[in-house]
Amino acid sequence: MNLVVESAPSGERRLLAPLWHTALLITILLALAAYGAMAQRHAPPGDQLVVRTGSALPLYLSLIAAQWLLLRLVTATGLRRTGTRLRDLLGERWGSWKDVARDVAIALVVWAAWGGLEVVASKFLGADSAKDISALLPRGPAEVGVWILLSMTAGFCEETIFRGYLQQQFLALTGSAPVAVLIQGVIFGVSHGYQGLRNVITITVFGILFGAIALWRRSLKPGMILHAWTDIFSGIFARR
């Protein structure tokens, strides 16, 4: 199976998983978004979402476990029912170091361009009223190391779930690549509701961009690299 499912009459389009499975996954994502929104609403006084009193390692490790469990839900209870393999979602394989270098270069160019667009967007969207989550960012070598692992996990798992599974599933359902990219991008943005409305809008656009890259390259790998590096940079370097 190619990463990109070509447009075809509805009778010829093949779903990656049963519709109930897709609905279940979206329900879980929306429930997590609602929980994050409630956390913002009931945060303690001040500008921070949480008051940090200890190590962030338990949080990071629990998030890593949650990411893999969610991916397991996709593969074991969804893809397996249609005989779809995880590697079918990943797209074209790397054949040489040039393929790796190409995808890294694509990720870095898009990341640099996105940084400029974010500056412009912030002027139009203004300051976010959401509580600051910087207290959750890593401090010290141990937390930095696990944060990098968390970022790489998010890059692999979230790209597989959103740009691999959901985007292809909606492409099979609608027969329209733009609609599929848009829907998964919106779900991706809303699932980050704990970061506030302004960031939800930004992350939605970022998700749409990831989806467009996946369609263009017929591979999730550039998006995985871009996603992981963006998280690593924002957690370790951007606030320094």
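**View 1. The largest nonpolar core of this predicted model.** This core has 34 residues, and Leu 25, Tyr 165 and Leu 166 are the ones that touch the most other members. H5 gives the largest share, with seven residues.

**View 2. Leu 166 and its contacts.** Setting aside residues up to four places away in sequence, Leu 166 touches Thr 22, Leu 25, Ile 26, Leu 29, Ile 161, Gln 184 and Ile 187. Apart from the core around here, there's a second, separate one of ten residues, and Ala 56, Ile 64, Val 144 and Ile 232 are among them.

**View 3. Where H5 meets H7.** Helix H5 (residues 140-174) packs against helix H7 (residues 197-217) at an angle of about 65°, and their axes are 10 Å apart. The crossing is right-handed. On the H5 side, the contact uses Glu 159, Arg 163 and Gln 167; H7 brings Gly 207, Phe 210, Gly 211, Ala 214 and Leu 215. Sort these residues by type and you get three nonpolar, three polar and two charged.

**View 4. His 227, a residue of helix H8.** Helix H8 covers residues 221-236. Beyond its neighbours within four places in sequence, His 227 is in contact with Ala 154, Gly 155, Glu 158, Glu 159, Arg 163, Phe 188 and Phe 210. Gly 207 sits 20 residues from His 227 in sequence, with 9.6 Å between their C-alpha atoms.

How values were computed:
Residues are numbered from 1 along each chain as its sequence is written. This is a predicted model: local features need pLDDT of at least 70, side-chain atom pairs count only at pLDDT 80 or more; totals for chains, interfaces and linings use all residues. Side-chain values use heavy atoms; hydrogens and water are left out. Axes are lines fitted to C-alpha atoms, for helices over the stretch in contact, and angles run from 0 to 180 degrees between N-to-C directions. Helices (H or I, at least four residues) and strands (E, at least two) are DSSP runs, numbered from the N terminus. A crossing is left-handed if the near helix is turned anticlockwise from the far one by less than a right angle, and right-handed if clockwise. Contact means heavy atoms within 4.5 Å. Ala, Val, Leu, Ile, Met, Phe, Trp, Tyr, Cys and Pro count as nonpolar, Asp, Glu, Lys and Arg as charged, and the others, Gly among them, as polar. A nonpolar core is a set of buried Ala, Val, Leu, Ile, Met, Phe, Trp, Tyr and Cys residues joined through side-chain atoms within 4.5 Å. Buried means under 20% relative accessible area, exposed over 50%, partly exposed in between (1.4 Å probe, protein chains only).
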